[in-house]
Amino acid sequence: MKIKDIVLIGMMSAMLFAVQVAMAILPLPNVELISLLVIVFTLVFGYKALFIIYIFVLLEGIFYGFHIWWINYLYVWTVLFFVAILLRRKRSSLFWAVISGVFGLSFGVLCSIPYFLTGGIPSGAAYWVSGIPFDIIHGISNFIVGLVLFHPIYNLIDMLYSKTKS
């Protein structure tokens, strides 16, 4: 890996973390940009996005503390990465808005897996069901954010990245 790749990965990881912390300050539950940025980073950077994702997840653990929720982040963003890799030829804002919206709707069920494993079916089901209202907000907001911001963010990141290639 080249030095510029390491710098790029560090900068994009810091951007993910900074955006997440900034959005956490706002009084808007489950409105986030991380899903869209993970999609865009995957489309632009390919496999390097995995390094970005895992540094972001490590920063989250350091900042917020390592607990069972942190285990979710180890695989949830990777699921979105693989979906984006499989569908990487698409460039439609509507397409990625739908993918991001479905991801937001399914976030709670994906995050309930460790609770199913550690506390059994009642614990996992309680975790998932109690979060359904937030998953609905998450799905709708991801859809809107993806629809409005996919092309501007994709074009900006792609243009900046193409200027760094030698």
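**Exercise 1.** At roughly what angle do the axes of helix α4 and helix α6 cross?

*Solution.* The model is predicted, local features need pLDDT of at least 70, side-chain atom pairs count only at pLDDT 80 or more, and totals for chains, interfaces and linings use all residues. Residues are numbered from 1 along each chain as its sequence is written, and side-chain values use heavy atoms, without hydrogens and water.

Step 1. Take α4 as residues 68–86 and α6 as residues 113–130; helices are DSSP runs (H or I, at least four residues), numbered from the N terminus.

Step 2. Their axes (lines fitted to C-alpha atoms over the stretch in contact, with angles from 0 to 180 degrees between N-to-C directions) cross at roughly 105° and come within 12 Å.

Step 3. That angle makes α4 roughly perpendicular to α6 (65 to 115 degrees).

Step 4. In the contact (heavy atoms within 4.5 Å), α4 supplies Ile 68, Trp 69, Ile 71, Asn 72 and Tyr 75, and α6 supplies Ile 113, Pro 114, Tyr 115, Thr 118 and Tyr 127.

**Exercise 2.** Classify the ring pair of Phe 56 and Trp 77.

*Solution.* Step 1. A pair of aromatic rings is described by the distance of the centres and the angle of the planes.

Step 2. The centres of Phe 56 and Trp 77 are 6.5 Å apart and the planes stand at 70°, so the pair is edge-to-face (rings of Phe, Tyr and Trp, its six-membered ring, pair with centres within 6.5 Å; planes over 60 degrees apart count as edge-to-face).

Step 3. Locate the partners: Phe 56 sits in helix α3 and Trp 77 in helix α4, 21 residues apart.

Step 4. The structure holds 19 aromatic pairs.

Technical notes. Helices (H or I, at least four residues) and strands (E, at least two) are DSSP runs, numbered from the N terminus. Angles under 35 degrees count as roughly parallel, over 145 as roughly antiparallel, 65 to 115 as roughly perpendicular and the rest as oblique. Rings of Phe, Tyr and Trp (its six-membered ring) pair if their centres lie within 6.5 Å; planes under 30 degrees apart count as stacked, over 60 as edge-to-face and the rest as tilted.
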